[in-house]
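The following exercises are to be worked with the sequence and the coordinates at hand. Each task is followed by a solution in steps.

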Amino acid sequence: MAKQINPTRMELTRLKRRLKTASRGHKLLKDKQNGMTKQFMEQIRRNRELRGKVEAGLAEAAKQFSAASSAMGEKELGEALLLPAGEIGVTGGSKNIMSVQVPTLCSDGSLAQSLPYGFADTSYELDTATLTMIRLFPTLLQLAECEKTCDMLASEIEKTRRRVNALEHVMIPEMERNIKFITMKLEDNERQNITRLMKVKEVINSR
Amino acid sequence: MTERKMKAAIIGPKSVAALYGAAGVAVFEPSDDISPSKLISKLYADGYGIIFIAETYYRKSEDAVKKYLNEPYPIIIPVPDDNSDGTYSKERIAANIKKAIGSDLI
């Protein structure tokens, strides 16, 4: 508030310096927000595309799995899939998008390649379902990476937007108001001084 | 962050999770003793960086998901289960767009 500040030259210099920093920060944050929004829109398009692919693939695999379940029986199916298929070969890292560290996943080519059960007591439908799932897995990894990136970018854009708005609509206008108040106060003091000096000169001259 | 080998897990009912097991994903099912939220924290502590979770359980554990929102790992992704009608993923995408842009443009 303009009324609570000290109308001194020192305060004016300090406020001008702060205003300069705030304006520069505002510009940088606005650029960051625009950059992130651009990246976000690209990622969200990819997300929708991958989601569609994955959900279609999963529905297909579930249908085949259900056919396998009716052909083999619940118990036999459970027994066939009891043993794990081995570890997946995925390497995780991170990359920087506008100072947001987002995950990157990369398959090293050693994802499950073969069926994790014997062929004696299993049906053809189960083989098809498992192979569909194995083939779908790289897309599932891409979706995981993309969806997390979207979540993180959305959260960061929201934070940045709040900062930009706070600077644009609260901090910068308040600083400008305060600077105007101090400038006017200092000019007023200056005028008072001149008037006083003129009065003193007049008194001295009249003696 | 340096690159490291990732483990993947799925939290879901056996009917959904068994398929993922065939692709090399470790299968976990919440029980009365351990809720989906606790299971997420436990799996992350055990080194699982990619956690797929059935939509029904995902809705119940959004507090745990929020906890890891600003960190690249673990990646917690909802996958459709028996109760899914295909709208939840669309709702999530729309919510993200609204959060980032202010309105659902797409």
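Helices, H or I runs of at least four residues, and strands, E runs of at least two, are DSSP runs numbered from the N terminus. The model to which this applies is predicted.

**Exercise 1. Chain A as a whole**

Task: Determine in what order the elements of chain A run from the N terminus on, and how α1(A) and α3(A) are oriented.

Solution. 

Step 1. The secondary structure of chain A comprises three helices and two strands. Read from the N terminus, the order is α-α-β-β-α.

Step 2. A pair of packed helices is described by the angle between the axes and by the distance between them. For helix α1 (residues 9–72) and helix α3 (residues 124–206) of chain A, the axes come within 3 Å and cross at roughly 160°. Angles over 145 degrees count as roughly antiparallel, so α1(A) is roughly antiparallel to α3(A).

Step 3. Sorted by class, the contact of α1(A) with α3(A) has 36 nonpolar, 18 polar and 17 charged residues.

Step 4. Of the 207 residues of chain A, 25% count as buried. Among contacts in chain A between residues at least 6 apart in sequence, 84% join residues at least 24 apart.

**Exercise 2. Chain B as a whole**

Solution. 

Step 1. Chain B has five helices and four strands, and its elements follow the order β-α-β-α-β-α-α-β-α from the N terminus.

Step 2. The C-alpha trace of chain B spans about 40 × 35 × 25 Å along its principal axes. Buried residues make up 48% of the 106 residues of chain B.

Step 3. Among contacts in chain B between residues at least 6 apart in sequence, 58% join residues at least 24 apart.

**Exercise 3. Strand pairing in chain B**

Task: Find which strands pair with β3(B), and decide whether β3(B) is enclosed or open.

Solution. 

Step 1. β1(B) and β3(B) run parallel and are joined by five bridges. One bridge pairs B:Ile11 with B:Ile53 of β3(B).

Step 2. β3(B) also pairs with β4(B), in the parallel sense, over five bridges. Here B:Phe52 has B:Ile77 of β4(B) as its bridge partner.

Step 3. A residue is buried if 20 or more other C-beta atoms lie within 10 Å of its own. Seven of the seven residues of β3(B) are buried, so β3(B) is largely enclosed by the rest of the structure.

**Exercise 4. The contact between the chains**

Task: Describe what chain B contributes to its contact with chain A, and how β1(A) is joined to β1(B).

Solution. 

Step 1. The contact takes 45 residues from chain A and 33 residues from chain B. On the chain B side, β1 (4–11), α1 (14–22), β3 (48–54), β4 (75–79) and α5 (88–101) each supply at least two residues. The largest share of that side, seven residues, comes from α5(B).

Step 2. By class, the side of chain B that touches chain A consists of 21 nonpolar, seven polar and five charged residues.

Step 3. Strand β1 (residues 90–97) of chain A and β1(B) run antiparallel, joined by three bridges. In this pairing, A:Gly92 has B:Arg4 as its bridge partner.

**Exercise 5. Backbone geometry**

Task: State where A:Met98, A:Ser99 and B:Pro74 are found, and what sets their backbone geometry apart.

Solution. 

Step 1. Most residues other than glycine have a negative phi, and most peptide bonds are trans.

Step 2. A:Met98, which is not a glycine, has a positive phi of about 50°. It lies in the loop between β1 and β2 (100–107) of chain A. With 19 other C-beta atoms within 10 Å, A:Met98 is partly exposed.

Step 3. A:Ser99 likewise has a positive phi, near 65°, and is found in the loop between β1 and β2 of chain A. A:Ser99 is exposed, with 10 other C-beta atoms within 10 Å.

Step 4. In chain B, the peptide bond from B:Tyr73 to B:Pro74 is cis, with omega near 5°. B:Pro74 belongs to the loop between α4 (62–67) and β4 of chain B.

Notes. Residues numbered from 1 in each chain as written. Chains lettered and ligands numbered in written order. Predicted model: local features only at pLDDT ≥ 70, side-chain atom pairs only at ≥ 80, totals over all residues. Contact = placed C-beta atoms within 7 Å. Nonpolar A, V, L, I, M, F, W, Y, C, P; charged D, E, K, R; others polar. Pairing = 2+ DSSP bridges. Buried ≥ 20, exposed ≤ 12 C-beta atoms within 10 Å, placed from the backbone. Axes fitted to C-alpha atoms, helices over the stretch in contact; angles between N-to-C directions. Parallel < 35°, antiparallel > 145°, perpendicular 65-115°, else oblique.
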